[in-house]
Amino acid sequence: MIISCKDIQKSFGATTVLRGVSFMVEEKEKMALVGVNGAGKTTLFKIVLGELAADSGEIALKKGARMAYLSQHMDLAAENTIYDELLSVFDHLADMEADIRRMEAEMAALTGDALERLMEKYTRLTKEFEDNRGYEYKSRVRGVLAGLGFNEVEHTLEIAKLSGGQKTRVALGKLLLEEPDLLLLDEPTNHLDIAAITWLEDYFLREYEKAVIIISHDRYFLDKVAKKVVEIEHGKAKSYRGNYSSFLEQKARDFEIEMHQYTSQQKEIAKQMESIRLLRSFNREKSIRRARSKEKQLAKIDRKDRPQNAPDKMRLKLVPTMQSGNDVLTIRNAKKTFDDGYTLFENMNIEIKRGEKVALIGENGVGKTTLFSMLRNGDEAVTLGTNVKIGYYDQELKFDNAEKSIFQEISDTYPRMKNLEIRNALASFLFMGDEIDKKLGTLSGGERGRVALCKLMLSDINFLLLDEPTNHLDLFSKEILENALIDYEGTALYISHDRYFINNTAEKIYELKKEGSAVYLGNYDYYIDKKAEISTMADIAPAGAALIRPNTNKDDYLRNKEEAAIARKNKARIEKLEMQIEEAEAAIASLDEELAKDEIATDATKAQEVYLMKAAQEEKLAALLEEWEKCQMD
């Protein structure tokens, strides 16, 4: 065990954030800490690090264990280059190497006992140097820099001249090389492109043998790396073995079990209370004594709390008011060259039809956002189709006036909307009651994202441009946006590093590189498969042979699209069945209550009617459950 947290309690004023949180992390374990925005994940990190005092509870760190945290404000030497900053992790090895070289030079001038003594010392030092992987520390630094997306030219950049995202990558690289016994990472993939995230996954799986606790909204990353998930929900913590997908399955299963246990206990309590009421109604000493005995037994029951549901979901529905033509966007041989002659990209070709959901991917700095800007502002290489109206979701989520309330922002944007209509629209994005009066400047990233999405929903656009739409959303809200985008009847083009999001929503992927674009007619898994296929063919192709480009066969595309449509239809059917199952279960519970009423129980005819109605509902429920199981297998 590296660390143990026991009964951690933390309140801010009258608000309790953590309620007796307990978990432990074993050596080499990779653990994900998940929960909706505001659940208390970062608060827990700060308590573990000692930056914040818990109101009560205990934290035990293994004696001698080193702990480190990826912070946006890490202590980096401004005058160092990127390479030198990472190399500084191995100063002790560099000193040992210098001593080894010095000894080698001295040995040339020594003989006899002096030479023998120095050679003994030299042997011990070289053994220690080798045991500490001294012969490979420089290559390790170069490997980490390459993996995190720094090319060799950038190795000589000074820390002082780096962007915030670049500094974060340098800090992450240092921590990976330092290998503390416990590494705490808060959104480690935020400033990484897909290639760097994939490298980091592989690094954690193959190279990094220390314990890690990760807070991340990147579900694909958590699926690959995490072997345990601890969820903070309603202030409490619960541990699940397995990755993120396994956690979701276990959580759903546990909720059903807990709800069944709670419902069964409530029925038993109601039955006992009714028995007590009847015994007391007899008003006899013997029956009253029995009633008192039952009351004592009832008081001893360890009553289960009603399982709490997850927060309300965004009821997001994006429906274009005007249909565009079939050809939505055509980009032919787009090129971007700056005044200094630097060419960012060239030979960009993109074609999007009505109703398509298209992902735009590529390394950081390849020009994805620039291409978006060209599309929005007009460029000779860009052609928009008939009746195409663009709606843009900016990852910066800036508002013109931070002093406006949420309600005012919507009202000013859509002055013809009535107050009730605005309230209903905001309620669909979980802004209710006094929350609509919050100032825009005080909102969290997730709240700003919801306001921006609400404005898009109310507009008359039919072509969505989304720049990193999931960046500020928690895991729960991402799923809602995914479902809305899948069901969207308009067209969508989006930039995203969220592979899980891409995999669930994209029907087509354009990969951008400096020398041009390539199209993949499927989701992210399809893209990965095709990349692997092309890479394999490159390995076995004769020198100078032409490589096959990504498959753009129309039949392949139509087959993928048809399979995606079938999957969406099946998903919609499952959701409808689940709603019908809930209605049937509620009807059965209501009829059970009817049967328990005195006026029904004492009337044989009425009781028979209610019983038959209940039997019909139970038969209906059985059929629905059977169909639900079949749909799950499809």
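**Exercise 1. Does Asn283 count as buried or exposed, and at what relative accessibility?**

Solution. The structure is a predicted model, and every value below is computed from it.

Step 1. Locate the residue: Asn283 lies in the loop that links helix 9 and helix 10.

Step 2. Compare its accessibility with the cut-off. The relative accessibility of Asn283 is 62%, and exposed means over 50%. Asn283 therefore counts as exposed.

Step 3. Examine the backbone. Asn283 is not a glycine, yet its phi is positive, at about 55 degrees. Most residues other than glycine have a negative phi.

**Exercise 2. Describe the backbone and the exposure of Asp7.**

Solution. Step 1. Asp7 belongs to strand 1, which covers residues 3-12.

Step 2. The phi of Asp7 is near 50 degrees, a positive value in a residue other than glycine.

Step 3. The relative accessibility of Asp7 is 42%, so this residue counts as partly exposed.

**Exercise 3. Determine how helix 9 is oriented relative to helix 10, and describe their contact.**

Solution. Step 1. Two packed helices are described by the angle between their axes and the distance between the axes. For helix 9 (residues 244-282) and helix 10 (residues 285-299), the angle is about 160 degrees and the axes are 8 Å apart.

Step 2. Angles over 145 degrees count as roughly antiparallel, so helix 9 is roughly antiparallel to helix 10. The crossing of helix 9 with helix 10 is left-handed.

Step 3. Identify the residues that meet. Helix 9 contributes residues including Ile269, Met273, Ile276 and Leu279, while helix 10 contributes residues including Ile288, Ala291, Glu295 and Leu298. By class, the contact of helix 9 with helix 10 holds eight nonpolar, three polar and five charged residues.

**Exercise 4. Carry out the analysis for helix 3 and helix 4.**

Solution. Step 1. Helix 3 (residues 91-107) and helix 4 (residues 112-131) cross at roughly 155 degrees, and their axes come within 10 Å.

Step 2. Helix 3 and helix 4 are therefore roughly antiparallel to each other. Their crossing is left-handed.

Step 3. Among the residues in contact are Leu93, Met96, Ile100 and Met103 of helix 3, and Leu115, Leu118, Tyr122 and Leu125 of helix 4. The contact of helix 3 with helix 4 comprises 11 nonpolar residues, one polar residue and six charged residues.

**Exercise 5. Which residues have the most contacts inside the largest nonpolar core?**

Solution. Step 1. The largest nonpolar core has 55 residues, and Leu176 and Phe204 have the most contacts inside it.

Step 2. Beyond residues up to four places away in sequence, Leu176 touches Leu183, Trp199, Leu200, Tyr203, Phe204 and Tyr208.

Step 3. Apart from this core lies another, of 45 residues, which includes Ile422, Leu426, Ile509 and Ala518. In soluble globular proteins, nonpolar side chains tend to be buried together.

**Exercise 6. Place Ser496 in the fold.**

Solution. Step 1. Ser496 sits in the loop between strand 16 (491-495) and helix 16 (499-505).

Step 2. Its relative accessibility is 0%, so Ser496 counts as buried.

Step 3. Setting aside neighbours within four places in sequence, the contacts of Ser496 are Ile194, Leu360, Ile361, Glu468, Thr470, Phe501 and Ile502. Ser496 and Ile194 are 302 residues apart in sequence, but their C-alpha atoms are 9.0 Å apart in space.

Step 4. Turn to the whole protein. Among contacts between residues at least 6 apart in sequence, 70% join residues at least 24 apart. Of the 634 residues, 43% count as buried.

Definitions and conventions. Residues are numbered from 1 along each chain as its sequence is written. This is a predicted model: local features need pLDDT of at least 70, side-chain atom pairs count only at pLDDT 80 or more; totals for chains, interfaces and linings use all residues. Side-chain values use heavy atoms; hydrogens and water are left out. A nonpolar core is a set of buried Ala, Val, Leu, Ile, Met, Phe, Trp, Tyr and Cys residues joined through side-chain atoms within 4.5 Å. Buried means under 20% relative accessible area, exposed over 50%, partly exposed in between (1.4 Å probe, protein chains only). Contact means heavy atoms within 4.5 Å. Axes are lines fitted to C-alpha atoms, for helices over the stretch in contact, and angles run from 0 to 180 degrees between N-to-C directions. Helices (H or I, at least four residues) and strands (E, at least two) are DSSP runs, numbered from the N terminus. Angles under 35 degrees count as roughly parallel, over 145 as roughly antiparallel, 65 to 115 as roughly perpendicular and the rest as oblique. A crossing is left-handed if the near helix is turned anticlockwise from the far one by less than a right angle, and right-handed if clockwise. Ala, Val, Leu, Ile, Met, Phe, Trp, Tyr, Cys and Pro count as nonpolar, Asp, Glu, Lys and Arg as charged, and the others, Gly among them, as polar.
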